[in-house]
Amino acid sequence: MYNKFKEPSFAIFFILLFSISVSNCQDSSAKTEALQIAYLSENCSACHALLPGNNQSAPTILEIKEIYSKSVSDESNFLLKVKTYLTEPKAEHSLNAEWVEKYGVMPKMNFSEKRLNASLAYLYSKDWGSLRWQSRNKHWLDDQKALSKVLYDDMSPLEIAQSAAMKTKSALGSQLLQAIKEKGIEGAVGFCKIEAIPITERMSHELKLDIRRVSDRPRNPANRTNQNELLMIKNYKEKVLIKAKLEPTVINEPSQTISYFPIETNEMCLQCHGIKGQNLKTNVYKAIVSAYPSDEATGYQSGEIRGLFRVIQKK
């Protein structure tokens with residue numbers, strides 16, 4: 001009796017246990033994949049389409065994967081080359097001169113290093129963009145709100161604030177690049193005057209956070225720092241001089257948390273914020289003075305602190 005009924009019951013138990021274990025592994029793998037796709041989508045898709053399409057403000061994520069993968073022999077070198085450009089965006093750090101010529105140099109971003117590493121490793125090792133990949137992730141590609149929720153449910157409050165700042169910077173940058181493409185740098189000055197603050201306000205509304213840019217040398221007087229923010233900028237400038245790592249500044253108050261993220265200049269910024277007669281052309285400077293008579297935001301060099309993103313989260 002034992003041999004006839006007991007042993008099969010144990011076999012069935014172990015088969016079920018194994019099936020549950022496999023199912024859990026598959027669920028975990030699917031969530032991990034969704035997290036990486038969500039991170040790249042949230043932080044990059046304002047400029048970089050996930051797949052080939054009509055987005056012309058920057059190369060697609062698939063194009064970046066293909067070009068950079070061909071130039072390296074392993075994952076660590078892939079991460080190194082991509083992060084070299086992201087850490088200090090400049091023409092000589094790009095692997096594709098045609099992209100720089102066509103799209104220009106991207107603004108400098110401050111990504112979460114841990115999540116960026118994980119997402120770039122995923123991008124290198126997985127079949128991003130293939131028909132199988134698209135089929136496997138169709139649910140997420142078709143439902144961006146669900147994809148965003150996967151990421152935000154996994155993030156700390158500081159990560160959410162940092163993501164909001166970078167999404168806002170991407171939104172501003174992508175639309176500015178489009179304005180430059182259509183009107184030239186001189187014409188884009190008018191775009192900034194009309195659209196920069198409304199874009200930031202729209203992102204605040206979409207993300208349900210209070211997002212602003214502030215500066216000790218503002219172009220728009222509405223973006224001037226308060227006294228505490230002025231001291232923060234001074235502190236960040238001192239860290240830049242000694243090449244210290246720039247970390248967010250977080251202030252916890254009873255009813256809210258205020259997070260600050262430094263804004264660093266690079267080649268792209270200097271076209272409108274650089275030194276007159278050098279990287280800031282005379283006609284552009286005249287357009288700036290005309291649009292902003294009290295402008296203080298020129299004379300910068302690459303790698304300097306131009307201001308802060310401020311993100312307020314209610315508790």
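**Notebook: helices, loops and a few residues**

I started at Glu63, which sits in helix H2. The model I have open is a predicted one.

**Entry 1**

Is Glu63 buried, exposed or partly exposed? I looked up its relative accessible area and found 33%. Glu63 is therefore partly exposed, as that value falls between the 20% and 50% cut-offs.

I then took a distance from Glu63 to Val150. The two are 87 residues apart along the chain. Their C-alpha atoms are separated by 25 Å.

Next I listed the buried residues of H2, which runs over residues 61-70. They are Ile61, Leu62, Ile64, Lys65 and Tyr68. I noted that a lysine, Lys65, is in this buried set. Why do I say that the buried residues of H2 line one face? Looking down the axis of H2, I find them within an arc of 160°, so they line one face of the helix.

**Entry 1: the whole chain**

I stepped back to the protein chain. It has twelve helices and four strands. Its C-alpha atoms fill a box of roughly 95 × 50 × 35 Å along the principal axes.

I checked burial over the 315 residues, and 44% count as buried. The chain exposes about 17400 Å². Carbon and sulfur atoms supply 56% of that area.

What share of the contacts with a separation of 6 or more comes from residues 24 or more positions apart? I got 69%.

Charges came next. I counted 42 positive and 35 negative ones in the chain. Their mean positions are 2 Å apart.

**Entry 2: helix H10**

I moved on to H10, residues 227-241. It has 15 residues. From first C-alpha to last it reaches 22 Å, close to the 21 Å expected at 1.5 Å a residue.

Which residues of H10 are buried? I found Glu229, Met232, Ile233 and Tyr236. Down the axis of H10 the buried residues fall within an arc of 100°, so I take them as lining one face.

I looked at what this buried set packs against. The partners are strands S1 (210-214), S2 (249-252), S3 (256-264) and S4 (305-314).

I also turned to the face of H10 pointing away from the buried side. There I found the exposed residues Gln227, Leu231, Lys234 and Leu241. Two of them are leucines, Leu231 and Leu241.

**Entry 3: the loop between H10 and S2**

I followed the chain into the loop between H10 and S2, where Leu246 has its place. What does Leu246 touch, beyond its neighbours within four places in sequence? My list is Tyr236, Lys239, Val240, Pro262, Glu264 and Ile305. Tyr236 is one of the buried residues of H10. Leu246 and Tyr236 are ten residues apart along the chain, and their C-alpha atoms are separated by 7.0 Å.

Lys243 is in this loop between H10 and S2 as well. Its phi is near 60°, a positive value in a residue other than glycine. I checked its accessibility and read 77%, so I log Lys243 as exposed.

**Entry 4: Lys208**

Is Lys208 buried or exposed? At 73% relative accessibility, it counts as exposed.

**Entry 5: Ile180 in H9**

I went back into helix H9, residues 157-207, for Ile180. Its relative accessible area is 21%. The buried cut-off is under 20%, so I log Ile180 as partly exposed.

Not counting residues up to four places away, Ile180 touches Ile185 and Ala188. I also took its distance to Tyr103, 77 residues apart along the chain. The C-alpha atoms of that pair are separated by 9.8 Å.

**Entry 6: Cys272 in H11**

My last stop was Cys272, in helix H11 (residues 267-273). I read 15% relative accessibility, so Cys272 counts as buried.

Which residues are in contact with Cys272, leaving aside neighbours within four places in sequence? I listed Ile185, Arg219, Leu280, Val284, Ile288, Ala297 and Thr298. Ile185 had already come up as a contact of Ile180.

I took one distance from that list. Cys272 and Ile288 are 16 residues apart in sequence. C-alpha to C-alpha, they are 8.0 Å apart in space.

Technical notes
Residues are numbered from 1 along each chain as its sequence is written. This is a predicted model: local features need pLDDT of at least 70, side-chain atom pairs count only at pLDDT 80 or more; totals for chains, interfaces and linings use all residues. Side-chain values use heavy atoms; hydrogens and water are left out. Helices (H or I, at least four residues) and strands (E, at least two) are DSSP runs, numbered from the N terminus. Buried means under 20% relative accessible area, exposed over 50%, partly exposed in between (1.4 Å probe, protein chains only). Contact means heavy atoms within 4.5 Å. Accessible areas come from the Shrake-Rupley method with a 1.4 Å probe; for residues, only the protein chains shown count as cover. Lys and Arg count as positive and Asp and Glu as negative; His and the chain ends are not counted. The place of a charge is taken as NZ of Lys, CZ of Arg, CG of Asp or CD of Glu. The expected span of a helix is 1.5 Å times one less than its number of residues. The arc is that of the directions from the helix axis to the C-beta atoms.
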